[in-house]
Amino acid sequence: MSDTAVSQPLDQSEEMPVTDPADALLQVENLHTVFRQGRRAINAVNGVSFSVGRGETLAIVGESGSGKSVTAMSLLRLIPSPPGEIIDGDVYFDGRNLLDMSEDELRSVRGNEIAMIFQEPMTSLNPVLSVRQQLAEPMRVHRKVKEENIEARCLDLLRQVRIPDPEARLDAYPHQFSGGMRQRVMIAMALACEPRLLIADEPTTALDVTVQAQILELLKDLTRQHGSSMILITHDLGVVARYADRINVMYAGQIVESGTALEIFENPRHPYTLGLIASMPRLDAEEKARLKPIEGQPPDLGNPPAGCAFHPRCPFAKPQCREQDPPLEPYRGNHLKACWVNVDE
Amino acid sequence: MSDTPLLEVRNLKVHFPLPGTLLKPKSGGSVKAVDGVSFHLNRGETLGLVGESGCGKSTTGMAVLRMTPVTAGEIHLEGNNITDLKGRSLRTLRRKMQMIYQDPFGALDPRMRVLDIIGEPLKVHNLVSGRKAYRAEVMRLMELVGLLPGMAERYPHEFSGGQRQRIGIARALAARPEVIICDEPVSALDVSIQAQIINLLKDLQEELGLTYLFVAHDLAVVRHICDRVMVMYLGHVVEVADSEELYTNPQHPYTQALLSAIPIPDPRAESRREVDPSIEGEVPSPVNPPSGCPFHPRCKHAMETCRTVAPELKDTTQGHAVSCHLYEPTSAAMPQIRVASMA
């Protein structure tokens, strides 16, 4: 890593790529993904719309079962079917609808223009192929890189992800790497074709905190260098505060609030976002400060409550919340919320 | 609080022998999971035991519980040496020390009703007589941890992760222990549920005067519950201090790096912080630990001595001990290291 890296200043009006939907790299509209279990249908993603600007890092935060990973998998049609099925919606990547593409067309996008990094590097790498073979595969398939150039390109990738002694590691197998190094190999694979969009699904959840910091700094540097966009899926609000330009907060398969990092953390408008921030243990808290949990449990998505899915746990809930599901609407500019209540009242 | 600490651990070592190879069956060496750890735990306090995976924090907890063989050192509970207890006296000891596990799914027998899971310690240690008293005691425990007594006849799979953790806590409380060892009790839970369990543990401590050894990797969680914190690295204690002192004035380079690596959920505070990239690489294997100070290969302040001589844990101020050559009086360069300020 470079010398002491001070996180970027947050003067978002200047720093941030303004996301004009017309110029968005990725545009998701009204996405619905269900999982069928016998006669039960679980609405894992229930009408999600958002966009990702060029060069932007968008974080999707939420707790387990909120639909954040299913959203990411749906974008590339990686949902196992059956039991899963994308029943509605459009996903425009640079103007082309990924959900309408043939398998062949889609294959030329996956791992090429859009790459994905998963949580568990051990299960995502092939244990019987060397790092060289796994790194070379996307280049051969998508970029038709000449055989004589492949080794140099592989070494270059390993250097970019800062794997020490890349010449010696090129012919090693995944089990010979530690967790953090495996995640670096995953990132190198994802970067092999210089994707325009990187989807990172909990990329550091399985790693120790000092290694997490290294990996996230690396992702930040590399996406900035290549000017790629990133969707960062995580449950960790701290990670989001450090690395995201914009944030979608998800609950029960829906986006409940969307805005810039500053808008979400300093002026949260949805009671769930408020609750999430208040319940998060903080390093800079008062000593032994009491946390404010969100009471109750997340809903069963096979049998969600009527109205707003959060209303049974919401301290602000009013009669309307029990009956009508609030739409995601602008609160101010691009800061959106799906809530009937004004949390200031 | 009396003068003798409730629990005292002196120079604890837990080494796991490695299997040899076919040709050299005896030269397997060993994993030094815990290598000379000393600490004490006062009645009614919470001591946090933190570090990254493989630092020996869980093994230390298991050794204290006498659930893993101790290679060397002594463990004293209420002034009695319990290191070599066996048979009946060991079983009596078990009641006094209980554990709350990380994985609320794996820690409960799926074929037992909640009533029997929570009640098992009552039976094993003969703490109640008669069915009626047994049932009443289980109901009391369930209410204490925030479970509806009506759920007693259900099985673990019918509960969410947070509720299962409550069952595990009720079971630990059933034995009326002196010490509860919490091994990552909230790391498998979602944030909003995590807060519920942390608050429950704090309330129970206040109500029942419990003593916790709180093993965790998450320093932010630890800050909300611990009175003192002990940081471990590769089987050694590198720093121990009162919680407030440790977070505002961390001295060991490892503690400093660990704190700066944890992001704060506040973009404005984050933009003011320095992300300390000085900590390179990963924790080395405990099979073949580095010579001298175990942290020296990753330490930006490493000096010649650090490569050869292992530093000892010494007090720098009252109650704040550090194991680092930088803080020894002979050291020329006291570090002028600033950690990310916690504005």
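## Strands and their pairing

Two strands count as paired if DSSP finds at least two bridges between them. In this predicted model, strand β5 (residues 84-93) of chain A is joined to β6(A) by two bridges, and the two strands run antiparallel. One residue of this pairing is A:Tyr92, whose bridge partner in β6(A) is A:Asn97.

Strands β5 and β6 belong to an open sheet of four strands in chain A, arranged in the order β3-β2-β5-β6 with antiparallel pairing. The edges of the sheet are β3 (40-52) and β6 (96-97) of chain A; each has a single partner strand, so one side of each is left without a neighbour in the sheet.

## Confidence in chain A

The average pLDDT of chain A is 87, and 94% of the residues score at least 70. Residues 1-19 of chain A, however, have a pLDDT below 50, although this stretch has 36 contacts in the model beyond near neighbours in sequence. Where pLDDT is low, the predicted coordinates should not be read in detail.

## Domains of chain A

The domain assignment divides chain A into domain 1 (21-113 + 196-287 + 327-345) and domain 2 (122-192). Taken over C-alpha atoms, the centres of the two domains of chain A are 27 Å apart.

Domain 1 of chain A brings 13 residues to the contact, and domain 2 of chain A brings 11 residues. On the side of domain 1 that touches domain 2, helix α9 (residues 209-226) of chain A gives the most, with six residues. That side of domain 1 of chain A comprises nine nonpolar, four polar and no charged residues.

## A pair of packed helices

Helix α5 (residues 131-143) and helix α8 (residues 179-191) of chain A pack with their axes 8 Å apart, at an angle of about 25°. Angles under 35 degrees count as roughly parallel, and α5(A) is therefore roughly parallel to α8(A).

From α5(A), the residues A:Val131, A:Gln134, A:Leu135 and A:Pro138 meet A:Val185, A:Ala188 and A:Met189 of α8(A). By class, this contact has six nonpolar residues, one polar residue and no charged residues.

## Contact between chains A and B

In the interface between the chains, 48 residues of chain A are in contact with 40 residues of chain B. Elements that each supply at least two residues of the chain A side are β1 (5-6), α9, α10 (237-243), α11 (261-266) and α12 (271-279). Helix α9(A) gives the most to this side, with six residues. The side of chain A that touches chain B has 24 nonpolar, 14 polar and 10 charged residues.

Methods
Residues numbered from 1 in each chain as written. Chains lettered and ligands numbered in written order. Predicted model: local features only at pLDDT ≥ 70, side-chain atom pairs only at ≥ 80, totals over all residues. pLDDT = per-residue confidence, 0-100. Contact = placed C-beta atoms within 7 Å. Domains from an automatic or database assignment. Nonpolar A, V, L, I, M, F, W, Y, C, P; charged D, E, K, R; others polar. Axes fitted to C-alpha atoms, helices over the stretch in contact; angles between N-to-C directions. Parallel < 35°, antiparallel > 145°, perpendicular 65-115°, else oblique.
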